[in-house]
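I opened my notebook to look up how side chains meet in a structure that was new to me.

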Amino acid sequence: MTPLNLPEYEIRISKKNGKNVIFDQLRRKYVALTPEEWVRQHFIHYLIEQKGYPQGLLANEIQLQIGDKHLRCDTLLYNKVLQPRMIIEYKAPSVALSQKVFDQITVYNFLLKVDYLIVSNGIQHICCRMDYANQRYSFLKDIPDYIDLEPQP
């Protein structure tokens, strides 16, 4: 798989029905090893091990519904009362982080109204902080440590 701009971790890869699978510690099961999943698993470990995010407040593949359309968030961070706080969207390393990617995460945020949005292709990571009171957002220089997330009102 492609080397990423994320720290290494003890990767658990196996084979199932002749295909490579990778262990997802949030879902507690092996899942298909796609380029996007490669990024997701590295990013999750980065958040937990390097940035101090509580594993129990993170969830992968969260179903959303807008009218008849079913969507799926790649990863959500919840607050301590289980309200969505951050949406994280992953792309394969070969996929550029374009306006189309931001449009996708914006659709999710239309429903969830989170404080932070992150997109990553494993090489580049972009994080923005939402400011609903002033109808703005600001890009952050780095992914914030969990302890540094802005307190909720």
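Below are my entries on rings, charges and salt bridges.

Entry one, the model. I noted at the start that this is a predicted model.

Entry two, rings. I looked up the aromatic pairs and found six. I checked tyrosine 137 and phenylalanine 139: their ring centres are 5.5 Å apart and their planes stand at 90 degrees, so I wrote the pair down as edge-to-face. Tyrosine 137 counts as exposed, at 52% relative accessibility. I also found one aromatic cluster, formed by Phe43, Tyr46 and Tyr90.

Entry three, charges over rings. I saw the charged end of arginine 12 over the ring of phenylalanine 23, 3.9 Å from its centre. I then looked at lysine 113, which lies over the face of phenylalanine 110 at 5.1 Å from the ring centre.

I found eleven salt bridges in the structure. Which residue does aspartate 115 bridge to? I found arginine 85, with the closest N and O atoms 2.5 Å apart. Aspartate 115 lies in the loop between helix H2 (99–112) and strand E7 (116–120), and arginine 85 in strand E6 (residues 84–90), so this pair ties together parts that are 30 residues apart in sequence. Are these two buried or exposed? I noted both aspartate 115 and arginine 85 as buried.

Arginine 136 and aspartate 131 meet through their side chains at 3.5 Å, N to O. Arginine 136 is exposed at 52% relative accessible area, while aspartate 131 is partly exposed at 23%.

Entry six, a network. I saw that salt bridges with shared partners join Asp24, Arg27, Glu37, Arg40, Glu61 and Arg72 into one network.

Key: Residues are numbered from 1 along each chain as its sequence is written. This is a predicted model: local features need pLDDT of at least 70, side-chain atom pairs count only at pLDDT 80 or more; totals for chains, interfaces and linings use all residues. Side-chain values use heavy atoms; hydrogens and water are left out. Rings of Phe, Tyr and Trp (its six-membered ring) pair if their centres lie within 6.5 Å; planes under 30 degrees apart count as stacked, over 60 as edge-to-face and the rest as tilted. Buried means under 20% relative accessible area, exposed over 50%, partly exposed in between (1.4 Å probe, protein chains only). A charge sits over a ring if NZ of Lys or CZ of Arg is within 6 Å of the ring centre and within 35 degrees of the ring normal. A salt bridge is a side-chain nitrogen of Lys or Arg within 4 Å of a carboxyl oxygen of Asp or Glu. Helices (H or I, at least four residues) and strands (E, at least two) are DSSP runs, numbered from the N terminus.
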